[in-house]
Amino acid sequence: MAGYELNLDGLVGLTHHYAGLSFGNEASTQHKNSLSNPKLAAKQGLLKMKTLADLGYPQGVMPPQERPFLPALRQLGFSGSDGQVLSQVVREAPRLLSAVSSASSMWTANAATVSPSADSADGRVHFTAANLNNKFHRAIEAETTSALLQRIFNHHRHFVHHQALPGGELFGDEGAANHNRLGGDYDRPGVQVFVYGRRGMTTGSAPSRYPARQTLEASQAVARLHQLDPGRTFFLQQNPEVIDRGVFHNDVIAVSNQQVLFYHQQAFMAGDSALEPLRRQMGEMEYQLDAIQVPTERVSVADAVSTYLFNSQLLRKNNGKMLLVIPQESRDHAGVWRYLSELVASGGAIDEIKVFDLRESMRNGGGPACLRLRVALNETELKAVNPRVMMTPALFATLNDWVDRHYRDRLQLSDLADPQLLQEGHQALDELTRILDLGSVYHFQQNSFHG
């Protein structure tokens with residue numbers, strides 16, 4: 001296997017809580033106001049990272065962002081000491097405090113869109129941070145996300161970092177959650193597939209119940225920034241009907257790796273005809289698309305959403321087959337598990353399944369695929385990645401100890417107003433930047449906080 005696919009997983013933050021902030025994400029809405037366990041959430045994510053690293057997959061760690069994010073509150077007119085700001089927002093806009101305390105940056109599939117050097121005209125890996133402007137609690141992530149990515153992929157000869165697209169609904173960009181790459185080896189040219197929910201400048205089909213977060217115009221802009229070959233770049237529209245049924249990102253109904261596309265029958269607006277241009281282009285590149293379509297009669301859209309069957313990771317194995325990483329919820333659903341068992345037994349591309357308990361993330365609407373950003377790299381580029389973020393047995397032990405010392409095992413909405421929680425977060429993140437060798441990337445560090 002030539003080249004590598006690095007999975008960069010988000011580490012769950014200290015303020016992980018259930019507030020139902022994400023309209024259109026049914027799991028987020030259903031678990032609003034439930035009691036969360038930030039410590040367990042972080043440990044569940046770390047265990048997935050460690051397990052996959054032990055299997056030989058390059059695995060990195062993306063740190064959480066500072067929360068509650070007081071700079072956003074001060075920009076909105078709240079003033080005084082940190083404690084006074086927290087008290088004022090609790091009195092006047094408690095829902096806003098929840099938004100600026102969201103740990104949603106854990107879902108790094110929304111951190112950015114990434115194009116490998118093999119696809120870019122200048123031969124470098126391109127990153128565009130997602131603006132996530134459909135939801136306020138996520139729109140405040142972009143600046144810090146970009147800073148973190150620049151510290152992790154910090155060699156200008158190999159990596160190019162673009163700022164998030166302009167705000168406003170015309171250029172709504174949700175990152176890699178609506179982006180697929182098909183082809184062969186990770187260091188060889190491939191086909192890039194951008195999936196959008198609606199057009200912003202022209203009329204067309206769009207969902208009526210839930211928002212379509214990704215626009216065609218945003219996807220086109222990212223493709224231009226990344227200097228992609230138009231002949232190997234495709235734009236597919238997501239089925240508006242499934243968006244209205246809780247499929248808020250493409251990665252809730254489709255996942256791909258190299259020549260394999262694992263998708264639901266109702267994923268794309270044009271149905272199977274949407275894949276024909278991809279088949280032709282891949283054939284010209286001497287690749288054969290292996291499209292595994294899951295029929296509605298076997299797995300309904302509702303079951304796909306509730307189990308996050310497609311919010312899974314497809315990982316290339318040394319034998320040329322694929323490992324499918326699924327959440328426990330998919331294992332627990334009799335119909336979905338029956339389908340998966342038959343799929344593995346069929347002798348096709350997917351010959352192994354690994355199950356992870358990610359309950360804390362799942363209850364907020366994020367499964368295995370949400371938690372990771374995929375970065376295709378050649379050998380030289382992989383060596384240029386900040387080595388301190390790469391998962392090893394030593395880092396796993398260090399981060400578990402860090403979590404044990406800093407995280408709470410119970411958190412409810414009223415706890416977000418506790419000034420002590422803010423200080424706990426600052427102290428923890430200050431230490432984490434030293435562990436991961438990231439320098440001062442947070443606002444409180446730039447304001448001379450030293451714990």
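Mentor: Gladly. Let's start with a pair of strands: β10 (residues 260-264) runs antiparallel to β9, and four bridges join them. Keep in mind that this is a predicted model.

Trainee: What makes β9 and β10 count as paired strands?

Mentor: Pairing asks for at least two bridges, and β9 and β10 have four, so they qualify as a pair. In one of these bridges, S256 is the partner of L261 in β10.

Trainee: And what lies between β9 and β10 in the hairpin?

Mentor: Two residues separate the strands, and Q258 in the turn has a positive phi of about 50°.

Trainee: Which way do the residues of β9 point?

Mentor: A254 and S256 point one way from the strand (residues 254-257), while V255 and N257 point the other way; all are buried.

Trainee: Let's move to the annotated residues. Where does UniProt place the feature "active site"?

Mentor: The unreviewed UniProt entry puts it at E174, H249 and C370. They span 197 residues in sequence, but no two of their C-alpha atoms are more than 11.4 Å apart, so they gather at one spot. Such an annotation may be inferred rather than shown by experiment.

Trainee: Why is E174 called buried?

Mentor: The cut-off for buried is under 20% relative accessible area. E174 has 2% relative accessibility, so it counts as buried. E174 is in the loop between β5 (159-162) and β6 (179-182).

Trainee: How do you know whether H249 is buried or exposed?

Mentor: By the same test: H249 has 1% relative accessibility, so it counts as buried too. H249 is found in the loop between α9 (240-243) and β9. Beyond four places in sequence, its contacts include N110, A177 and R213.

Trainee: What makes the link between the side chains of H249 and E174 a polar contact?

Mentor: The limit for a pair of N or O atoms is 3.5 Å. The H249 and E174 side chains are joined at 2.8 Å, which is within that limit.

Trainee: Last one: why are helices α2 and α16 called roughly antiparallel?

Mentor: The axes of α2 (residues 38-54) and α16 (residues 393-406) come within 10 Å and cross at roughly 175°. Angles over 145 degrees count as roughly antiparallel, so α2 is roughly antiparallel to α16.

Trainee: Which residues of α2 and α16 meet?

Mentor: Among them are K39, L46 and K50 in α2, and P393, F396 and D404 in α16.

Methods: Residues are numbered from 1 along each chain as its sequence is written. This is a predicted model: local features need pLDDT of at least 70, side-chain atom pairs count only at pLDDT 80 or more; totals for chains, interfaces and linings use all residues. Side-chain values use heavy atoms; hydrogens and water are left out. Buried means under 20% relative accessible area, exposed over 50%, partly exposed in between (1.4 Å probe, protein chains only). Contact means heavy atoms within 4.5 Å. A polar contact is a pair of N or O atoms within 3.5 Å; within protein, one must be able to donate a hydrogen and the other to accept it, and residues adjacent in sequence count only if both atoms are side-chain atoms. Axes are lines fitted to C-alpha atoms, for helices over the stretch in contact, and angles run from 0 to 180 degrees between N-to-C directions. Angles under 35 degrees count as roughly parallel, over 145 as roughly antiparallel, 65 to 115 as roughly perpendicular and the rest as oblique.
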